[in-house]
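User: I would like to learn how to read chain folds and interfaces from a model. Can we work through one together?

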Amino acid sequence: MTATTQDHAHHAEEPTGFKRWLVTTNHKDIGSMYLLFSLAMFLVGGAMALVIRAELFQPGLQVVDPYFFNQMTTMHALVMIFGAVMPAFTGLANWMIPLMVGAPDMALPRMNNWSFWLLPFGFAILLSTLFMPGGGPAGGWTMYPPLMLQTGTAFPFVIFAIHVLGISSIMGSINVIATILNMRAPGMTLMKMPLFVWTWLITAYLMIAVMPVLAGAITMLLTDQYFGTSFFSAAGGGDPVLYQHIFWFFGHPEVYILILPAFGIISTIIPAFARKPLFGYSSMVYATASIAFLSFIVWAHHMFTVGMPLAGQLFFMYATMLIAVPTGVKVFNWVATMWRGAMTFETPMLFALAFVFLFTIGGFSGLMLAIAPADFQYHDTYFVVAHFHYVLVTGAVFAILAAAYYWMPKWTGHMYNERLGQWHFWLSTIFVNVLFFPQHFLGLAGMPRRIPDYSVQFADWNMVSSIGGFGFGFAQLIFVWLLYKCIRGGQKAEARAWEGAEGLEWEVPSPAPHHTFDTPPVIR
Amino acid sequence: MAQAEGGYYVPHQSSWPIIGSVGVTALVVGIALYLEGIGAGPWVLGAGLLITLWMVVGWFGDVVREGLTGLYSDQVDRSLRWGMIFFIFSEVMLFAAFFGALFYARVLSVPWLSGADPATSRLIWDSVALTWPTAGPANAAMEWRPMGPWPLPTINTLILLTSGVTLTAAHHALKDGNRGKLVGYMWATIALGLVFIGLQAYEYYHAYEHLNLRLETGIYGSTFFMLTGFHGMHVLIGTLMLGVIAVRCMKGHFRPEAHFGFEATAWYWHFVDVVWLGLYIFVYIL
């Protein structure tokens with residue numbers, strides 16, 4: 001019995017309408033659900049960011065009360081990390097990895113459905129906490145005790161929501177690993193895999209390694225709150241700093257979970273539009289693996305100011321700075337790929353280029369933060385906010401947008417509207433810099449983060465930053481409109497939608513049929 | 001078969017995942033409501049538990065039926081293996097978090113609190129001399145005793161190690177096609193698992209009643225009960241899995257050359273064994 005005969009036998013009775021999406025095991029259906037869910041969460045998290053920027057438009061308290069402001073900073077981060085960026089990458093993995101390795105579907109299709117459907121449920125729990133007595137979590141997304149333990153009724157709901165999201169991520173990652181290790185078409189050796197597949201293999205490994213550690217940390221918060229344990233209480237011989245160590249043992253690899261697939265996307269798009277093979281393929285693979293390894297031994301650079309022994313500070317400082325080496329290899333390879341390439345600048349390439357420039361700025365500010373004595377000055381200021389938004393917005397989010405434009409013809413069968421795409425790109429890129437670049441100045445001048453009010457000397461740059469925030473936020477509506485139009489119609493896309501695009505996904509028609517590679521292709 | 005024609009079994013629809021999502025959500029919302037003392041909690045929790053169990057039984061039932069009808073090629077089998085390996089790896093990392101808490105407390109935070117790093121202890125607590133095992137500076141007056149390795153934990157160690165041996169004997173019997181021996185060793189393994197759980201329950205009773213060792217007994221009580229409790233839960237789940245597998249052995253579901261359900265459960269059981277050895281050394285002996 002083959003998958004194909006199964007398929008035909010089932011097609012007649014497959015549910016249609018909404019129920020189809022509840023019970024589907026098709027990687028393309030599930031990929032689409034992940035991507036649309038992620039877009040919805042991007043808009044929800046973005047709305048929260050606009051509440052923050054509206055409050056910070058002027059000094060003083062005018063828009064929301066400070067406690068609600070704190071809920072917004074906390075929820076914005078949780079929604080963007082667990083709801084927008086991670087599901088977007090998982091959606092891309094679902095859609096593209098089976099196509100890229102020539103597999104009929106993900107390795108464990110039913111579990112794939114479960115990984116997705118836990119997300120809306122997890123977020124229903126998480127977002128509902130905003131309406132509970134005492135409000136949502138307000139202690140920051142890192143949930144440090146003892147502050148987090150002062151959360152109201154929302155407390156256990158937040159903990160369990162994160163457990164549910166973590167289970168979803170772990171199952172999604174197990175599926176990705178099983179697919180990559182076991183479902184490659186004959187002849188597709190590991191070192192022939194597209195880099196997006198490689199980066200996802202390593203990301204999935206990181207996720208399986210650290211999501212359970214987060215689960216352990218928040219479970220200890222839960223027992224400290226309700227069952228009288230003293231993990232994070234000095235009175236009982238525990239230590240609040242212990243939580244920070246465990247959290248950041250998860251948190252730092254998490255940062256790379258949010259960026260490694262982006263590296264894979266950029267390594268796919270730049271060669272396509274430079275019409276040259278990627279420079280230094282194997283060094284890209286080794287650099288990715290090195291970054292992943294280093295991510296496990298640098299966590300305490302998030303905690304230089306908690307009072308660590310000097311030896312610890314030195315170790316974590318130097319280990320962190322080492323990450324610049326493999327990251328530099330990557331940036332060099334992207335630039336070298338473009339060297340003397342026949343470049344064109346369609347929207348995916350523009351976003352990829354912006355990624356290379358702007359992510360690198362985030363990388364450099366990260367290097368500054370890695371220097372322990374300097375970090376004492378920068379810690380918990382807007383400089384940190386500027387740093388990780390350069391890495392996560394102009395890094396991860398720009399890469400996701402680049403991927404969306406690049407593969408949209410394959411998903412919808414239509415070319416998107418290039419003029420709208422260019423508007424989206426230029427408005428996003430200009431406003432995102434108006435939004436985040438001044439935050440470097442604010443941070444260096446000493447403005448603390450996560451505070452709804454500020455001293456008047458910070459007023460000018462905050463106003464500029466808020467204008468950038470609203471501009472960037474509303475520019476994203478262009479993308480929503482463009483996506484809607486592209487799904488509804490437009491110029492028919494070729495199987496190979498881009499002249500320089502390489503890879504198995506371009507061998508199947510656009511839009512990709514519901515079932516592809518039922519019989520694996522042979523790679524020479 | 002499927003493999004020869006390049007096919008891979010892709011089930012084309014399933015209601016179990018969405019049922020599982022509803023069940024797990026109800027379960028955790030029920031626990032959260034209960035912890036916050038909101039009336040409906042236990043009911044929601046119970047409903048969630050039932051729905052989740054229904055999902056587990058139904059989903060695994062589907063998998064067992066598909067396996068028996070020969071839908072799973074070697075390639076599908078490998079996917080399941082990778083899945084199980086990385087699931088166990090995720091469990092290892094969950095325990096790593098709790099072991100990390102234990103090591104951090106013993107090596108760093110307790111010595112710091114008792115003055116090894118004077119700046120820290122002065123800021124956090126008036127310096128008191130603390131040595132492991134400790135319930136922390138606030139509980140200095142508390143009368144309690146730690147749990148030693150003798151006799152119960154050592155007996156339990158031997159029981160778990162023996163259960164690993166009986167399970168391996170069962171596996172050999174399965175490969176030899178000797179069903180009587182297979183079933184016998186399976187039930188022997190389960191019996192050892194149950195004895196372990198019983199002794200562990202007695203140990204907790206002993207801790208609370210005779211040693212005054214509780215969850216509230218500072219960092220020692222916290223790490224002791226968290227590590228042994230999570231491990232005990234895993235033994236319980238492992239025993240249930242072994243029970244299902246034993247019944248399937250009796251029904252003749254497994255063939256000497258194809259019995260991944262058995263192997264996955266055995267891997268899980270050995271993992272639980274290894275975690276126990278870590279516990280025995282770091283929680284009880286050292």
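Analyst: Start with sequence separation. Contact means heavy atoms within 4.5 Å. In chain B, take the contacts between residues at least 6 apart in sequence: 72% of them join residues at least 24 apart. This is a predicted model: local features need pLDDT of at least 70, side-chain atom pairs count only at pLDDT 80 or more, and totals for chains, interfaces and linings use all residues. Residues are numbered from 1 along each chain as its sequence is written, chains are lettered from A and ligands numbered from 1 in the order in which they are written, and side-chain values use heavy atoms, with hydrogens and water left out.

User: How many helices and strands are there in chain B?

Analyst: Helices (H or I, at least four residues) and strands (E, at least two) are DSSP runs, numbered from the N terminus. Chain B has eight helices and zero strands.

User: Which salt bridge joins the side chains of the two chains?

Analyst: The rule wants a side-chain nitrogen of Lys or Arg within 4 Å of a carboxyl oxygen of Asp or Glu. Between chain B and chain A the count is one. E66(B) pairs with R110(A), at 2.8 Å, N to O.
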